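Here is a short briefing on one protein model. Please keep the sequence and the 3D view open while reading.

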Amino acid sequence: MNILLIGGCGSLINNLIVKFNKEGHRVFLLTGNRFKKSPYQRVFERYDFPYDCANMKEIFESINMDVTIFMGAFDTNYDWKKQDTESVRYFSGLMNILMSYSSRRMGRFIYLSSEDMYEAGLEYDIPEDEASAPMTIKGMVMAQAEEICESYRVNRNLDLVTLRLDHLYTFPKKRSEVRDIVGQMCLQAMDEGRITIEEDSRISLLYESDAVEYIFRVARCREHEYSLYNITSGAEITKKILADMIASNMNFPVTIETVSDISSRVILSGARYAGEFGVQSFCPCEGVIDKITDYILRNSYTFLNDLDKKPTFMQTFKQKAGWFITALIPFLENAIAFIPFFMLNNRMVGNQYFAKLDFYLLYVLIFAIVYGQQQATFSAVLAVAGYVFRQAYDKSGFEVMLDTNTYVWIAQLFILGLAVGYMRDQISKLKKESDNEKEYLSVQLKDIQDINSTNVRVKDALETQLVNQNDSIGKIYSITSALNQYSQEEILFYAADVISKIMKSNDVAIYTVSEGGEYARLFSATSRKARELGNSIKYKELGELYEELAEGHVYINRGLNSALPLMANAITDDNGNIRTIILVWTLAWENMTLGQSNQLVIVTSLIKSAVIRANRYLDALENERYVEGTKILAAEAFEPLVSAFQNAEKEGLAECVILRVFTNPGMYVSAGSALHAKLRDTDLLGVMSDGSLCVILANTTNADSEFVRERFMSIGYMSEIVEDGVVCMRPDRV
């Protein structure tokens, strides 16, 4: 499957990448950030784009994913210390992702939520349909995000699943990774020598590796009953006990302080998930917490030196007043530039060459052109003040105010300054809009180029895989097509060899099931280990193996039960009944993946038609081509079977013994009835072209055949072992 993971770098998304890679899936990553960060695990393809990217639809289309997992409440791209600003950015990113996903309708979408929407707590385990009661902005955001996802699921008819992870905690490697209650208690103990808790606050801790397994089960399932599941360990623990565990592991005294005596219990109910997918906790919190505290203590320098330092007074002043200083600079420049223009205007009064030159008008026009309308207004005010001050040398202030030339000059100054400033502002605005559009289109072009280059790399990688990889579809088909060169009687024998080559396993067995039979009989095997279950098994009593095959799934021996094969698959008839069982006993550990099981499905599908055709042909030989009035196969049907069994034995794919029974041809009817009563379903009775009566004992050695010969002798029939038409052992004839 193609898996798209969406989220910032962190241990949760990295563990998901490792899990899906190990299971043979192709993992794509959308980081949500244009700036590349290194702590991600290796993925098939990585997209460094923000969530509000306009090309999100093109990214989704190029990936063509089967499952999308959005980290949601656990996305490290969001810093929930700044809840007011982050909530807006969170909703915009989520909406863009959901809109792009819903427009393409590609596979399943999994959204990860948390228990933050239940701050108050209840005395019972909180089910999925319990109304949310958030106390913080983050809790409100999580509750609304779940409602948005549910709205998209219902209105767009999408396969969208929300998973609430109950008090998730992880193994932090540095201080920036501490986001859960366990890590926060450890840091508080080291920073302050104390841990503050609520007296009777009860929670349930879910370790990250367990959460990854539970998420994987939802991602790989074919169908699910609900759209919302709680994922929890179900193990209740008080914060007081948790704090005591952490304090006891510290190598210095740690005090535990109670900040509230209010009883609080926030534990999600995992009954819905457990009923459908099953729950198995792999990491009990006691052992994990001991390892976490031990690691933090041993690496205390890394955790303690990563503290947020308090800013100095100057840093605080720059942060608080920086905008004011930036805005004040043009006014200071304007006031300073006014001084030389004021002096020039005063000096040129009465000069025969420059008396008509208006330095104030020039000053206003310069600032209108450079800074625009705002600074033009300010420079005009300064120019008027300078003009009035100069006129006051020769006139009284009252005379200056009554002079009409003063008002004409002021009007001229403001009209020209404001007009030029307005034009400058409009030109700057148009230029800025043009630059913004150019920047936007440049980003779009770069995004499209990145997506295209990514698609080219993916295409080249897939081409290389198809052409060169050992387990590519082309190679698998070329191997399975070799079955066509064998006769109908030999196909089932050599199918085991084909599967052995493709699955890279030396131990493969094929069992056949008769119509309505309770037993599966060994037909062919590539080694002695592949015969461990014996020549005949009650396949319906194989527990989980039979249940998986009956549901049409590939069985994977995850518990490494030595009594069962590592992988198995079945071939069914048109009615869904199991007719052939394929067992793979040995596989390399790195091949114990979902990808390898999918490969077994492909191989089984490719040989299914040949195997079913061979089964039908053999059934026809057994049921339709008998000596008239007997249960004995005629020579034209029996001799090809003898040849097929002997060739398979030479290749090490089967064991068989051929017995020649001494009786007269006229006694075939009575002999057939008597001998069939002493044979198994897989044993075949027929006549050779020379008229001798023979028996094929499937999956039998010469030593084992002695028991059959003794049974024949007990009813009066002598026999001898025949190999390639040569008598190997001749009994005394009576």
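The points below go from the whole chain to single strands and helix contacts.

This is a predicted model: local features need pLDDT of at least 70, side-chain atom pairs count only at pLDDT 80 or more, and totals for chains, interfaces and linings use all residues. Residues are numbered from 1 along each chain as its sequence is written, and side-chain values use heavy atoms, with hydrogens and water left out.

**Overall**

- The protein has 22 helices and 25 strands. Both are DSSP runs numbered from the N terminus, helices being H or I of at least four residues and strands E of at least two.
- Of the 734 residues in the protein, 47% are buried. Buried means under 20% relative accessible area, exposed over 50%, and partly exposed in between (1.4 Å probe, protein chains only).
- Among contacts with a separation of 6 or more, 69% join residues 24 or more positions apart. Contact means heavy atoms within 4.5 Å.

**Sheet 12-9-14**

- Three strands form an open sheet with mixed pairing, in the order 12-9-14. Two strands pair if DSSP finds at least two bridges between them.
- Strand 12 (236-238) and strand 14 (264-266) are the edges; each has a single partner strand, so one side of each lacks a neighbour in the sheet.
- On average, neighbouring strands of this sheet are turned by 25 degrees against each other, direction ignored.
- Strand 9 (residues 201-204) pairs with strand 12 in the antiparallel sense over three bridges. Arg202 has Thr238 in strand 12 as its bridge partner.
- Helix 7 (residues 239-249) lies across strand 9 and strand 12, at about 75 degrees to strand 12. Axes are lines fitted to C-alpha atoms, for helices over the stretch in contact, and angles run from 0 to 180 degrees between N-to-C directions.

**Helix 5 and its partners**

- The axes of helix 5 and helix 7 come within 10 Å and cross at roughly 50 degrees. The two helices are therefore oblique to each other. Angles under 35 degrees count as roughly parallel, over 145 as roughly antiparallel, 65 to 115 as roughly perpendicular and the rest as oblique.
- The crossing of helix 5 and helix 7 is right-handed; that is, the near helix is turned clockwise from the far one by less than a right angle.
- Ile181, Val182, Met185 and Cys186 of helix 5 meet Lys239, Leu242, Ala243 and Ile246 of helix 7. These residues divide into seven nonpolar, no polar and one charged. Ala, Val, Leu, Ile, Met, Phe, Trp, Tyr, Cys and Pro count as nonpolar, Asp, Glu, Lys and Arg as charged, and the others, Gly among them, as polar.
- Helix 5 (residues 181-192) also packs with helix 9 (residues 285-298), at about 40 degrees and with axes 11 Å apart. The crossing of helix 5 and helix 9 is right-handed.
- Val182, Cys186 and Met190 of helix 5 contact Ile289, Ile292, Thr293 and Ile296 of helix 9. That contact has six nonpolar residues, one polar and no charged.

**Strand 11**

- Strand 11 (residues 228-231) is covered on both faces: Leu228 and Asn230 on one side, and Tyr229 and Ile231 on the other, are all buried.
- Strand 6 (residues 160-165) pairs with strand 11 in the parallel sense over four bridges. Arg164 has Asn230 as its bridge partner.

**Asn2**

- Asn2 is in strand 1 (residues 2-6). Asn2 is buried, with a relative accessible area of 14%.
- Beyond its neighbours within four places in sequence, Asn2 contacts Arg26, Phe28, Ile63, Asn64, Met65, Asp66 and Val67.
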